[in-house]
Amino acid sequence: MTNPSDRPGAAESAPLPPATTLGEARAAVVGRRYPLFEESFRLFDEAGGFRPTFIWPPLLFGLFWFVYRRMYLEALLAGLAGLVIMFLGEAGPVEGGDGLVMLISIGFSLFLAVTGRWLYWKAVDRRLEQAMRLFPREPGRALAWLKWKGGVDPLAVVLTLAGLAVLGRLALVG
């Protein structure tokens with residue numbers, strides 16, 4: 001991928017003013033829905049880390065919410081955990097095993113719902129650190145890069161669903 005400021009026509013557009021606060025930089029990464037996360041991010045900043053909060057999308061959509069929010073590492077880890085839970089269910093006939101696997105699955109979904117905003121806070125700040133490393137003396141370019149790399153990615157969710165459908169089909173055939 002190329003840098004947004006290297007695209008044709010980028011020189012003609014007005015340069016973006018650099019973010020003057022951490023909140024403005026985070027808003028560049030999160031996008032227009034930043035107000036939904038702002039209070040939680042402030043709580044995490046004050047606590048210096050994790051505080052339990054609840055967000056329903058990871059509860060219902062699991063790894064797809066992480067993909068949608070461009071948290072690909074977290075999505076991969078959630079997907080791998082889901083596979084482990086699925087294989088626990090397939091491990092063999094154990095008395096009450098289905099109930100235990102269901103309980104583990106629900107517990108994992110609740111864990112994602114309680115830690116989702118915190119994981120997003122960590123991912124956003126990771127992206128900010130990456131921008132500072134890439135553009136240490138160019139805050140305008142860093143902000144443009146953050147906006148380009150931030151936001152949400154609905155297409156990635158569609159591609160993830162398609163990829164999982166193909167993998168599922170291959171598993172049934174094989």
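pLDDT is the predictor's confidence in each residue, from 0 to 100. This model is predicted: local features need pLDDT of at least 70, side-chain atom pairs count only at pLDDT 80 or more, and totals for chains, interfaces and linings use all residues. Residues are numbered from 1 along each chain as its sequence is written, and side-chain values use heavy atoms, with hydrogens and water left out.

**Confidence**
- The protein averages a pLDDT of 87, and 84% of the residues score at least 70.
- Over residues 4-14, pLDDT stays under 50. The model has nine contacts (heavy atoms within 4.5 Å) for this stretch beyond four places in sequence.
- Where pLDDT is low, the predicted coordinates should not be read in detail.

- Helices (H or I, at least four residues) are DSSP runs, numbered from the N terminus.
- Helix H1 covers residues 22-30. Its buried residues include Ala25, Arg26 and Val29. Buried means under 20% relative accessible area, exposed over 50%, and partly exposed in between (1.4 Å probe, protein chains only).
- Helix H2 has 13 residues, 35-47.
- Phe37, Ser40, Phe41 and Phe44 are buried in H2. Seen down the helix axis, the buried residues fall within an arc of 105 degrees (taken from the directions from the axis to the C-beta atoms), so they line one face of H2.
- Exposed Pro35 and Glu46 sit on the face of H2 turned away from its buried side.

**Aromatic rings**
- The structure holds ten aromatic pairs. Rings of Phe, Tyr and Trp (its six-membered ring) pair if their centres lie within 6.5 Å; planes under 30 degrees apart count as stacked, over 60 as edge-to-face and the rest as tilted.
- Trp65 and Tyr120 have ring centres 6.1 Å apart and planes at 65 degrees, so this pair is edge-to-face. It links distant parts of the chain: Trp65 is in helix H4 (residues 63-68) and Tyr120 in helix H6 (residues 97-134), 55 residues apart.
- Trp65 is buried at 6% relative accessible area, and Tyr120 is buried at 2%.
- Phe108 and Phe111 form a stacked pair, 6.3 Å centre to centre with 25 degrees between the planes.
- Tyr34, Phe37, Phe41, Trp65, Phe66 and Tyr120 form one aromatic cluster.

Definitions and conventions:
Helix = DSSP H or I, 4+ residues; strand = E, 2+ residues; numbered from the N terminus. Expected span 1.5 Å × (residues − 1).
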